Every structure is written in C-alpha cells, then in structure tokens.
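Let's take a friendly walk through a protein chain. Have the sequence and the 3D view ready as you read.

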Amino acid sequence: HHFQSKFESGYIRDNGNLGSDILKQSINGERHFIDLEFLHRYQDSIQILSRIQRWSDSEILRDFETGKFRSIQQPQSFIEINHQRGPWALSLSTHFRHEPFEYAIERTPELSFQLLPTPLLNTGVFHSLNLSGVKLRNSNPGQSKDLEQNRFRGYYQWFYPVSLARFLDFTPQATIQHMHYRDSGETDVSFGITHMEMGFDLTAH
C-alpha cells in the first residue's frame, strides 16, 4: 500500500471594500479556502486519486496565493479510480461542481476502458483502443435549468513502426473515432460524429 495526502487551508477576516466576486455579488469578510489531495496505490494495479477544493468566494485564492491563482482560477473537485492489468486499463471518475460561482461541466460519472498499445498477433502492427461513456451535467451560473447529456466515445488506432536506418524510423498509422451524444432533457436529441485519419510519423534519432 502507498498513501499520500496533502492539505492546505487559510482563513482571513477582511475589512473594508472587498469588491465583488465573479457573479457581481459582494464578497463576505469571513473568507477561507480548503485544498485536500489524496492518493492511494494498492499493489501497483489500483490507484485512487481525489482532490476537494472549497472556496468561500471566487477571489479568495487571488488574495491568498497570487501565484497559484494564475493557473487555478476556480476550484476543482474530482475522484478517480484506476485499475490496470497488463495492457488493459479501467477507469471510473467523477468531476463535480459544488460552489455557486463555479463554471464546470460535471461528469457523473465517467467510465473508461482502454487497451494500451499492444502487438497485434505476430504482424508487427501495434493497436490501441479506448471506449468511454459519461453523463455530463451543465448547471453553471446564469442558466434557468440544468442541461444534461450522455456521451459515448470510441477510439481505435493502429500503427506499424519500421526502421529505415539506424537513425530513422517510419511509422504509418490510422485512427478511427466515433462520438455519440444524446441530450437527456426535453428535446431528447441524438447525434453522432465519426472521424477517420491516416498518416505517418518520420522520426530521426
């Protein structure tokens, strides 16, 4: 087992004119933030990763840690569980929104199944696969009602590396990807997009 966690927090009682938050609402003088990260590995095959961020207002990190605010301008909260056995990987994750001022697309949850690049029999060809399904929820500020959508994604790739010289590799490859969306609201709209691509990589080393 391997456990790793990190906790950061801060509190301040501000006075004076604190201005407005991202929603144009006055900022309360009782201000705080909480940032909790957690990582658990089990037998090198199962990994649990989570992060919970709680902000009293949208500008709190700007005032506490300006350097972090340049790259993190709104809280991020998620939980991911990953399991890998050989070339196969399974992932279950959820990204959620719990602050009234936060703009984020929630994933409730997302399930992903992946085949890492693996030889295809004895052909010299390698292939990889990714299948995922997720329920997306958009409940961002300013909307009269939540928008929900189901999304399925399928991705398959093959490539054939060839060594042309000691310093030069040539790798033709082909990919196909299909995305299918279905709105789960009143309209019940469903549509799909399929994309195919062929090309090659030329690598000097």
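## Overall build

Keep in mind that this is a predicted model. What is the secondary structure of the protein chain made of? You will find 2 helices and 11 strands. Starting at the N terminus, the elements of the chain follow the order β-β-β-α-α-β-β-β-β-β-β-β-β.

## Size and packing

The radius of gyration of the protein chain is 23 Å, while a compact globule of 205 residues would have one near 17 Å. Along the principal axes, the C-alpha atoms fill a box of roughly 70 × 45 × 35 Å.

Of the 205 residues in the chain, 29% count as buried. Looking at contacts between residues at least 6 apart in sequence, 49% join residues that are at least 24 apart.

## Surface and charge

The accessible surface of the chain is about 13300 Å², and carbon and sulfur atoms account for 56% of that. As for charge, there are 20 positive and 24 negative side chains, and the centres of these two sets lie 2 Å apart.

## Strands side by side

Now find strand E6, residues 105-119. Strand E5 (residues 88-96) pairs with E6 in the antiparallel sense over 7 bridges. E6 is also joined to strand E7 (residues 126-138) by 11 bridges, again antiparallel.

Glu110 is a handy residue to look for in E6: Ser93 has Glu110 as its bridge partner, and Glu110 also stands opposite Val134 in E7.

How many residues lie between E6 and E7 in their hairpin? There are 6, and in the turn Leu121 has a positive phi of about 55°.

Notes:
Residues are numbered from 1 along each chain as its sequence is written. This is a predicted model: local features need pLDDT of at least 70, side-chain atom pairs count only at pLDDT 80 or more; totals for chains, interfaces and linings use all residues. Side-chain values use heavy atoms; hydrogens and water are left out. Helices (H or I, at least four residues) and strands (E, at least two) are DSSP runs, numbered from the N terminus. The radius of gyration is taken over C-alpha atoms; the globule rule is 2.2 Å times the number of residues to the power 0.38. Buried means under 20% relative accessible area, exposed over 50%, partly exposed in between (1.4 Å probe, protein chains only). Contact means heavy atoms within 4.5 Å. Accessible areas come from the Shrake-Rupley method with a 1.4 Å probe; for residues, only the protein chains shown count as cover. Lys and Arg count as positive and Asp and Glu as negative; His and the chain ends are not counted. The place of a charge is taken as NZ of Lys, CZ of Arg, CG of Asp or CD of Glu. Two strands pair if DSSP finds at least two bridges between them.
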